[in-house]
Amino acid sequence: MIDFTFYSPTEFIFGKNTEEKAGQLALHYGAGRALVIYGGGSAVKSGLLARVTAALKAAGVETVKMGGVRPNPTDGKVYEGIDLVRKEGVDFIIAVGGGSVIDTAKAIACGVKYEGDFWDFFAGKAQVQEALPVGVVLTIPAAGSEGSGNAVITKESTQQKLGIKQPMTLRPKFAIMNPELTMTLPAWQTASGICDMMVHILERYFTNTEGTEIGDRMCEGVLMAIINEGRKVMENPNDYNARANIMWSGMVAHNGTCGVGCVEDWSGHQLEHEVSAMYDVTHGAGLAVITPAYMTFMAKHNPKRIAQFAERVMGVRNENGNIEETAMEGVRRLKSFLHDDLKLPVTFSGLGIDNPNIPELVKRLHQNKGEQFGTFYPITPAVSEEVYRLGM
């Protein structure tokens, strides 16, 4: 295990009707005039947005609203939000939605405090020094952005999908998590979210760091819980306890707890980001294609961890001591869960991409991440091309 600093100050308010506490929480954390940011019409149609703004009003917090954040959030909405915050004198941002809304809120929060272009943070030209406080009312368990200091935004003009990691400045002050709000999610969105949180754990689990037993067991336990509860949710969307377990798993998967003491990887996410940037596919569904492909490659080139996953999480018995065969069987069982239980695609054609432009994907990936990246195994252009082709 390596040395680490872990900082996670977010207050989590979990349970039924907890959105009614939004006003008192925002007031407690210093809000006087809040930007309430949301996505499409579901927050409006369900009455959630009205309940949140009513709670804010009752606590004496003024509100300004901004909707229209879409999946795979883009820089245009961030610029719009920065201008609105400055114009309206906003001192707090509340995201009502899932990862796309929360990430947009975070980008606005740091961009409004910066004299330059907020994209400088994502392009690695500047570091976030300060940001407006952010609160969350979560509606989609997937990205785990409600408990992390991470954000991912796509720059529309260049189709670059890049992220930042700022745990000291961008972790939300509070996150309201009511599992009942997730019961009306379409099955596709539920399944994509489950895949996303699983891969957040795998990005920490696929490490070459030695002596990480506590982290390994945490990763494995949460993965097994997600698989178990994920099946229940897909069979019965109104199962409150299953929804609650999935919702909390999404947070645990990405607030950093599962990765303390190890060198994390994130190659799978980088490979997928190019797919969703170019083809605008749902991120979790893209991961359902890329992750098994990535793991298939690693089963031949760095199989130890893949085999450990196969044995401890997927229940594969290593009968003959061949770790490559064990690893491959683990990948097959994971693909079966993704495809048969979650009903997600596991090939590019299943995503609706019959002929992906693999040379362009490889070119863009390495323009953004360099000629070689990855800590679990060096990802060169030849490796990324092979992984993308395995996704066929």
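Author: Let's start with helix α4. This is a predicted model, and in it the cover over the buried residues of α4 includes β2 (33-38), β3 (62-66), α5 (99-111) and β6 (150-155).

Reader: Which residues of α4 are the buried ones?

Author: They are D75, K77, V78, G81, I82, L84 and V85. Each has a relative accessible area under 20%, so each gets the label "buried".

Reader: How do you know that the span of α4 agrees with its number of residues?

Author: Helix α4 covers residues 75-88, which is 14 residues, and at 1.5 Å a residue it should span 20 Å. Its end C-alpha atoms are 20 Å apart, so the two agree.

Reader: Why is T53 called buried?

Author: Its relative accessibility is 12%, and the cut-off is under 20%, so T53 counts as buried. T53 sits in helix α3 (residues 48-58). Leaving out residues up to four places away in sequence, T53 touches V36 and K65.

Reader: What makes the pair of T53 and A50 a polar contact?

Author: A polar atom of the T53 side chain is 3.1 Å from the backbone oxygen of A50. The limit is 3.5 Å, so the pair falls within it.

Reader: And S249, buried or exposed?

Author: Buried, because its relative accessible area is 9%, against a cut-off of 20%. S249 belongs to helix α9 (residues 240-254), and beyond residues up to four places away in sequence it touches M197, V222 and I226.

Reader: Which residues touch the most other members of the largest nonpolar core?

Author: F122 and Y388, out of 104 residues in that core. Helix α11 (residues 283-301) gives the most to this core, with eleven residues. Leaving aside neighbours within four places in sequence, the contacts of Y388 include L271, I290, F348 and L365. Another core, of 22 residues, lies apart from the largest one, and L49, A59, V137 and I176 are among its members.

Reader: How do you know that both faces of strand β8 are covered?

Author: F174 and I176 on one side are buried, and so are A175 and M177 on the other. In general, side chains in a regular strand alternate between the two faces of the sheet.

Reader: What makes β1 and β5 partners of β8?

Author: Pairing takes at least two bridges, and strand β1 (residues 11-14) has four to β8, running parallel. Strand β5 (residues 134-138) also pairs with β8 in the parallel sense, over four bridges. F174 in β8 stands opposite E11, and F174 is also the bridge partner of G135.

Key. Residues numbered from 1 in each chain as written. Predicted model: local features only at pLDDT ≥ 70, side-chain atom pairs only at ≥ 80, totals over all residues. Heavy atoms only, no water. Buried < 20%, exposed > 50% of the residue type's maximum accessible area, 1.4 Å probe, protein only. Polar contact = N/O pair within 3.5 Å; in protein donor to acceptor, adjacent residues only side chain to side chain. Contact = heavy atoms within 4.5 Å. Expected span 1.5 Å × (residues − 1). Core = buried A, V, L, I, M, F, W, Y, C linked by side-chain atoms within 4.5 Å.
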